Amino acid sequence: MKKIASKKGNIYLYIILLVIVVALMLSIKHCSYPHDDHHNKPAGGDTVNVAIELSPTAVKTDGDTLSGFHYEILQDFARDNNVNIKFFGFANLQTAIDGLNQGRYDLIVSDIPTTAKLKNDYIFTDPIYVDRRVLVKQLSNDTTPFSQIKLAGDTIYVAAGAPASDRLANLAREIGDTIHVIEDPDYGPEQLALLVALGEIKQAVIGEEIARHIAKDYPNLDISNAVSFNQFQSWMTTPGNQELCDSINRWFAQYSKSDRFNELKAKYLHSQQQ
């Protein structure tokens with residue numbers, strides 16, 4: 001696939017985006033959450049290697065510190081269970097899945113819907129929250145109601161490895177026409193939305209919670225059109241890490257009822273701000 005940058009030659013934009021991603025990855029590398037090495041992780045080791053998505057809901061920079069819905073939950077899990085967590089930031093889900101398959105990571109933390117296809121090969125924690133996929137495009141003067149049939153023949157960007165690709169393939173079958181899906185190997189959902197806002201690509205499909213965070217800073221974005229139903233969002237691991245998954249589930253069953261969890265939802269998730 002041709003890189004998007006070759007389309008318009010706006011190389012500086014992509015350099016800036018990559019610098020931001022690399023800088024955030026380095027910040028995460030130096031901000032892992034350590035505890036006493038004598039404590040074992042639930043999966044039987046002394047460190048849980050977590051691949052965490054670089055996004056407004058997972059982990060982001062906040063001044064000179066890191067924050068994020070998933071990031072803060074993981075810190076609470078590490079503290080309550082006396083385990084070490086080592087964070088590895090990623091912008092593209094496929095790279096994280098490759099690392100999980102190769103044993104470099106124990107857990108992928110991202111806005112991952114628990115689809116039937118992924119369940120064939122991976123196991124998921126209990127749902128952390130609910131989200132859906134939305135179409136991100138620029139606002140226009142077109143006042144006709146949105147219909148998914150309008151996507152026939154269109155080109156839509158998604159992050160490589162994202163389940164949104166499968167959803168768009170199903171949608172193409174539903175409308176009886178072709179939707180050209182480009183799985184970008186370099187950028188994650190946040191970066192794709194920024195490219196839409198800057199006019200570098202026409203449209204992308206990402207999670208609604210991420211889209212809402214980005215739209216606050218880019219009011220020219222239209223994120224009002226859903227292309228999926230609400231879906232459970234969970235953390236993902238391999239069947240070999242069943243003990244880790246069970247430990248997270250036991251802990252989260254109580255944590256999800258806490259004031260602390262409600263505070264994080266209110267802080268980061270639009271659905272809790274109604």
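These legends describe close-up views of a predicted model.

**Figure 1. Overview of the chain, with its ten helices and 13 strands.** The chain has 274 residues, and buried residues make up 50% of them. Consider contacts with a separation of 6 or more: residues 24 or more positions apart account for 77% of these. The structure also holds eleven aromatic pairs.

**Figure 2. Packing of helix 3 against helix 9.** Helix 3 spans residues 69-81 and helix 9 spans residues 242-255. From helix 3, the contact involves Ile73, Asp76, Phe77, Asp80 and Asn81. From helix 9, Ser247, Ile248, Trp251 and Tyr255 meet them. By class, five residues of this contact are nonpolar, two are polar and two are charged.

Figure 3. Phe77 lies in helix 3 and Trp251 in helix 9, so the pair ties together parts that are 174 residues apart in sequence. Phe77 is buried, at 2% relative accessibility. Trp251 is also buried, at 11%; the cut-off for buried is under 20%.

**Figure 4. The aromatic cluster that includes Phe77 and Trp251.** Phe69, Phe77, Tyr129, Trp251, Phe252, Tyr255, Phe261 and Tyr268 form one cluster. Among its members, Phe77, Trp251 and Tyr255 also take part in the contact of helix 3 with helix 9.

Figure 5. Phe88 lies in strand 4 (residues 84-90). Tyr105 lies in the loop between helix 4 (93-101) and strand 5 (107-113). The pair therefore ties together parts that are 17 residues apart in sequence. Phe88 is partly exposed, with a relative accessible area of 26%. Tyr105 is buried, at 14% relative accessibility.

**Figure 6. Asn82 in the loop between helix 3 and strand 4.** Asn82 is not a glycine, yet it has a positive phi of about 55°. Most residues other than glycine have a negative phi. Asn82 counts as partly exposed, at 33% relative accessibility.

**Figure 7. Helix 7 and the glycine that follows.** Helix 7 spans residues 189-197. Eight of its nine residues are buried, so the helix is largely enclosed by the rest of the structure. The buried residues are Pro189, Gln191, Leu192, Ala193, Leu194, Leu195, Val196 and Ala197. Just after the helix, Gly199 takes a positive phi of about 80°.

**Figure 8. Surroundings of Ala160.** Ala160 lies in the loop between strand 9 (155-159) and helix 6 (164-175). Its relative accessibility is 11%, so Ala160 counts as buried. Leaving aside neighbours within four places in sequence, Ala160 is in contact with Asn92, Leu93, Gln94, Glu183, Asp184 and Pro185. One of these partners, Asp184, is 24 residues from Ala160 in sequence. Their C-alpha atoms are 5.2 Å apart in space.

**Figure 9. Surroundings of Tyr122.** Tyr122 is found in the loop between helix 5 (116-119) and strand 6 (123-124). Its relative accessible area is 11%, so Tyr122 is buried. Not counting residues up to four places away in sequence, Tyr122 touches Ile97, Leu100, Asn101, Met236, Thr237, Thr238 and Pro239. Asn101 is 21 residues from Tyr122 in sequence. From C-alpha to C-alpha, Tyr122 and Asn101 are 9.6 Å apart.

Technical notes
Residues are numbered from 1 along each chain as its sequence is written. This is a predicted model: local features need pLDDT of at least 70, side-chain atom pairs count only at pLDDT 80 or more; totals for chains, interfaces and linings use all residues. Side-chain values use heavy atoms; hydrogens and water are left out. Axes are lines fitted to C-alpha atoms, for helices over the stretch in contact, and angles run from 0 to 180 degrees between N-to-C directions. Helices (H or I, at least four residues) and strands (E, at least two) are DSSP runs, numbered from the N terminus. Contact means heavy atoms within 4.5 Å. Ala, Val, Leu, Ile, Met, Phe, Trp, Tyr, Cys and Pro count as nonpolar, Asp, Glu, Lys and Arg as charged, and the others, Gly among them, as polar. Rings of Phe, Tyr and Trp (its six-membered ring) pair if their centres lie within 6.5 Å; planes under 30 degrees apart count as stacked, over 60 as edge-to-face and the rest as tilted. Buried means under 20% relative accessible area, exposed over 50%, partly exposed in between (1.4 Å probe, protein chains only).
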